[in-house]
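Subject: Structure for your review

Dear colleague,

Please find below the structure that I am handing over to you. My notes on what was found in it follow directly after.

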Amino acid sequence: MLVRHAGEQEPRCPHPAPPWSPSAQLQGLTHSVDWGHCRGLQLLAPACTPTHTSDGHRGVQEQPPSTADGLHAQLVLHPPPMTPHLSARTALGPRAGAQMSPGLALLMWLTAHCSCLRAQGFSQGGLDDSRADLWASADTSLLHDFWCQPASQLPRDQLSALIRGMATQQVPLRAWQLSCLANLAARHGLQDDFELHPPNLLLFYNLTQVREADCWAFTRRAAQGDMELLANLPDQRVALRHAALACLGAPHPWLSASDLLLLGVLLCDMDASRIEAADPRVLENLQRCRRLTATQQATLNMLLAGGKTVLGPPGSWNLEGLQTLGSLATYISSSLWMQVQEAVGLAFFSSTVATYQAGRLSQRDARRFVTGFLKAKAASVSSRPKRGTGRPCIHGDITAATLHDHLFLVHYDCVQLESCLGSRVLKANLDPLLQHPLPVECQRVVKAKLAQVYPHGVPEDQLRLITSLVYLYSRSEIGQWNITSRDTVVALLASDGALENQTEAVLQKYLDHNGTITSTLLMAIGGSRLCWMSARQVQAIRPTEFRQAGALDISSCPQSRKDALYTKAREAFGSTRNTANYYRLMRPYLGGAPVEELRYLVQANVSMDIDTFTNLNPRVLQSLSVGNVTTLLGQNVGDLQKARSHPTISSWLRSLNTSVLGELGLDRDTAGPTSLARSTTGAPNTTPWVPHLAPTSGQPGNKAPTSGSPPAHLRYLPLAVALPSGLLGLLYWGTPGPSQDCFWGACTKASKGGTSPAPHAGKLGLEGGARHLPRPRGRLQAQRTWPCPTS
């Protein structure tokens, strides 16, 4: 664990120097930029947002200039005399590279500088009472990084405005944010305003507090949400389905069109028998499902074969009708495709491949469709050349023009691909070939041919093109590759193709060539890749790079890897003295925390959200008493009812006696609430027993499971008063590249005699010990910040 030695300085904000050699005048300008100047940046760059290029790379996209609320004057900027462009390669390499003007370079540097200043008040969760109202007027980028502790300081009216603003701006909050926000809204009695709240938030509300008179309205709005957010709250998911069915009235075997309108995405959790006994417009509901179970797929094909849907019988299907099915069409069975008119089937095949190549259809869905369609085509052909028979290429050699035909896989099945694809065409056209959603058998053919062309290993420039094939390669085969560029690592690992062995092997080849695992690389490949790094590779990540990577989602990692990543996170964040900041930074990695760490957090009254709680080490959780758990969860303790069937929760509950379960408002029955409340008055209460009502504190992590945190923006001042005129002119002129890198940093320092330092429990090996830590009084105290570096 990290120990701060005597004389060691506080960590500084990670902050890149300006990417050019500024003149003396510009140096003076950049060193004079303060927070007030930074506020004007949003008018020229409202957000430096992560984006994905067509080849899967992560970069950032400069947003176009826009006006801001309260802008009192229009500025007409005149570009300075033309200056030669600086050639700038992004951290992700030439495929994401661009020409960057001095103006854009300065803008990127200022954005990084200002993000540090901005983070002093917001990213660290340090909103005190005098500044908490800024949450209620914040824009989408700041609301996306919502954290409960600052919001808990808001009065009822401002909290209501905050939640309504999230609905209006469609802020994509994550499960751990939504669960605590739902409880915060319940404490203020805001659930009755659900029609003005985000649908995703309604999924987390205590359903027993929803009035029976609001049954239809509540269910219909909640059914617009994303049910996958309840992955760690299985009982809440079941309760939503039961409550929806209760709205329909007892026994309701047949679902009408109006019923389906009410149920929305909730139908995705229902069994095949209910789907089968539904109005034909059930297809509209199924289109919103992330995926269909095997029985649901069979029911879908039964409905389509019956001819009672809007498409009619398969023989009468047309291209437009099939396209309205969206991704549902990828589940159509091969037996149904054999009944579709050939011209219609081919037209749809061509349009589906085009949709896939445009990035609007996942590889999984496209491959499922192609496999089923080609199976139907093969069954309709009386004779086919067999592998190993020596039959020649039937349709002629494959050429570059052939590979650009969307019907390529219809004309060349996997057997013909092996017979008709020459080595020269493969080398020159590997990219267009792999742009097709090749079935697994065809992918193996391509891999075998690559081994013939490159017997000593695929060269690095070609490795970036075979991302869809990586999962087929063994560790020994990857050992033949030369991986010297971070761009190659990102290309190979940013996709969903690489598995455990491939991830570790690819990274090791990169490290063997003196590569380093940087924050940019970690953000590009996503937190899930950390799950498959070896313990040695995790240890090789420098703490500074781990800090700058932001919050990485490691919830899918095996326990052994969570333990290693927790240790790495302690190295990166263990010196953080402010408890609120420490918890915010460590929250994603607490799945590997030892019992000493959790007992410290109990003392700190962090009010852990239920999503984070379900990801704790189950064995460690067994060492916590009921009092520890209720204090650790704080205002969120009522959420145990929503997650009691989760393996981590259920194993802990089984160790408790009945009387303790009763005190928690639980019993041995794992069924959650199944009906809405009949009461019509009184404020809702989601906390049956809350011995310590301490708001959570800190600030959010990343905005997606696979990346770091973007900057949080405020309502900025007019640009006319924000930046010196010299900077305005320079910022205005220049052609921005398609993507650049963002580097964000934030620094905080605990206030005197205020918040307690980061956990220093005995076994953690840190200075001091848990017994010396002061117990926080009420909510965590506000922090103070120290200046960020100017260069």
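Over which residues does pLDDT stay under 50, and how many contacts beyond four places in sequence does the model have for them? The stretch is residues 1-131, and the model has 325 such contacts for it. Please bear in mind that this is a predicted model. A further stretch with pLDDT below 50 covers residues 671-675, which has 12 contacts in the model beyond near neighbours in sequence. For the protein as a whole, the mean pLDDT is 74, and 65% of the residues reach 70 or more.

Overall composition

The protein has 791 residues, of which 56% count as buried. Its secondary structure comprises 41 helices and four strands. Among the contacts with a separation of 6 or more, 73% are between residues 24 or more positions apart.

The nonpolar core

The largest nonpolar core contains 182 residues. Those with the most contacts inside this core are Leu286, Phe349, Val446, Ile466, Trp481, Phe613 and Leu640. Helix H8, residues 175-187, gives the most to the core, contributing eight residues.

Leaving aside neighbours within four places in sequence, phenylalanine 349 is in contact with Phe369, Val370, Phe373, Leu374, His406, Leu407, Leu409 and Val410.

Aromatic rings and charges

The structure holds 15 aromatic pairs. In one of them, the ring centres of phenylalanine 349 and phenylalanine 373 are 5.1 Å apart and the planes stand at 50°, so the pair is tilted. Phenylalanine 349 belongs to helix H18 (residues 342-357) and phenylalanine 373 to helix H19 (residues 363-380); the two are 24 residues apart, and the pair links distant parts of the chain. Both phenylalanine 349 and phenylalanine 373 are buried. Ring pairs also join Trp337, Phe348, Phe349, Phe369 and Phe373 into a cluster.

Two arginines are placed over aromatic rings. Arginine 368 lies over the face of tyrosine 331, at 3.9 Å from the ring centre. The charged end of arginine 587 sits over the ring of tryptophan 176, 3.9 Å from the centre of that ring.

Two enclosed helices

Helix H35 spans residues 595-604, and eight of its 10 residues are buried, so H35 is largely enclosed by the rest of the structure. The buried residues are Val595, Glu596, Glu597, Leu598, Tyr600, Leu601, Val602 and Ala604. These residues pack against helix H33 (559-573), helix H34 (579-586), helix H37 (618-621) and helix H38 (626-633). Just after H35 comes asparagine 605, with a positive phi of about 55°.

Helix H38 is likewise largely enclosed by the rest of the structure, because seven of its eight residues are buried. In H38 the buried residues are Val626, Asn628, Val629, Thr630, Thr631, Leu632 and Leu633. Their cover includes H35, helix H36 (610-614), H37, helix H39 (647-653) and helix H40 (658-663). Glycine 634 follows H38 and has a positive phi, near 55°.

Residues in loops

Glutamine 170 is located in the loop between helix H7 (156-169) and H8. Although glutamine 170 is not a glycine, its phi is positive, at about 55°. With a relative accessibility of 67%, glutamine 170 counts as exposed.

Asparagine 514 lies in the loop between helix H29 (500-512) and helix H30 (519-525). Asparagine 514 is not a glycine either, yet it has a positive phi of about 65°. Its relative accessible area is 72%, so asparagine 514 is exposed.

Asparagine 206 is found in the loop between helix H9 (199-202) and helix H10 (215-222). Is asparagine 206 buried or exposed? At 15% relative accessibility, asparagine 206 counts as buried, since the limit for buried is under 20%. Asparagine 206 and asparagine 183 are 23 residues apart in sequence, with a C-alpha to C-alpha distance of 8.4 Å.

With kind regards

Definitions and conventions
Residues are numbered from 1 along each chain as its sequence is written. This is a predicted model: local features need pLDDT of at least 70, side-chain atom pairs count only at pLDDT 80 or more; totals for chains, interfaces and linings use all residues. Side-chain values use heavy atoms; hydrogens and water are left out. A nonpolar core is a set of buried Ala, Val, Leu, Ile, Met, Phe, Trp, Tyr and Cys residues joined through side-chain atoms within 4.5 Å. Buried means under 20% relative accessible area, exposed over 50%, partly exposed in between (1.4 Å probe, protein chains only). Contact means heavy atoms within 4.5 Å. pLDDT is the predictor's confidence in each residue, from 0 to 100. Rings of Phe, Tyr and Trp (its six-membered ring) pair if their centres lie within 6.5 Å; planes under 30 degrees apart count as stacked, over 60 as edge-to-face and the rest as tilted. A charge sits over a ring if NZ of Lys or CZ of Arg is within 6 Å of the ring centre and within 35 degrees of the ring normal.
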